[in-house]
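Dear colleague,

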Amino acid sequence: MSSTVPAVLPISNSTTTAASGGAVAGSEAPASNPALRALINNLSDSLRHGLSQRRPWSELADRTAFSKPESFSEATLRVRKNFSYFRINYYAIVSVILAVSLLTNPFSLILLLGLLTSWTFLYLFRPSDQPLVLLGRTFSDFETLALLSALTVFVVFLTSVGSVLVSALMLGVAVVCLHGAFRVPEDLFLDEQDNSQATGFLSFLRTPAVAVASAAMPTVTTRV
């Protein structure tokens, strides 16, 4: 009586291959997510740190502290002192004016958001090993940068976005200079430490770049 050996079914390694491929794709595809999170976290932390250093709005609008400057040099000195003291408040005023100008021009706001989104996802946080592919054509990093630069020039200079931004910034600067020239700064006291901390409010312009680089280092190390 012969014994029959059960046939061994071949097990495909497609599952393993798919799992490994998914792991590789999962490790490479969201490579930009840590950098984007680092940018958002550093931006929010810098904004919170800067807003915590703002001066009371009652000091900014104290009617008893306003007087006409006697000369242009005195007005310039007042602007410099008031800007050092009300730096964060002035940034907030210019930001509000800029936001209102964009909200009242929805077409310009949509174009600006589209431009920022294009820079963010097509160049800044696009994985370096994944070239940009549009309409079946592959673009190199230099071509992508040139394309986005041309798009920026077109949006800013050939549409209403540039005029809206320039008008809002000029209005904000005029309001700040007008307030700084007529606000008497004799009752304001600002030491060097506070001044240096206030300057750090704009640190979010350069801090995320360091954070992005540090966040991308593990990915580069693993690839090597």
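Rings of Phe, Tyr and Trp (its six-membered ring) pair if their centres lie within 6.5 Å, and planes under 30 degrees apart count as stacked, over 60 as edge-to-face and the rest as tilted. This is a predicted model, in which local features need pLDDT of at least 70 and side-chain atom pairs count only at pLDDT 80 or more, while totals for chains, interfaces and linings use all residues. Residues are numbered from 1 along each chain as its sequence is written, and side-chain values use heavy atoms, leaving out hydrogens and water.

Searching the whole structure gives four aromatic pairs. One of them is the stacked pair of Phe83 and Tyr90, at 6.3 Å centre to centre and 20 degrees between the planes; Tyr85 and Phe86 form an edge-to-face pair, because their ring centres are 4.9 Å apart and their planes stand at 85 degrees. Phe83, Tyr85, Phe86, Tyr90 and Tyr91 form one aromatic cluster.

With buried meaning under 20% relative accessible area, exposed over 50% and partly exposed in between (1.4 Å probe, protein chains only), Phe86 is buried at 0% and Tyr90 is buried at 2%, whereas Phe83 is partly exposed at 29%. Tyr85 is buried at 10%, and the charged end of Arg55 sits over the Tyr85 ring, 4.2 Å from its centre (the criterion being NZ of Lys or CZ of Arg within 6 Å of the ring centre and within 35 degrees of the ring normal).

As for confidence, pLDDT (the predictor's confidence in each residue, from 0 to 100) has a mean of 75 over the protein chain, with 68% of residues reaching 70 or more.

Best regards
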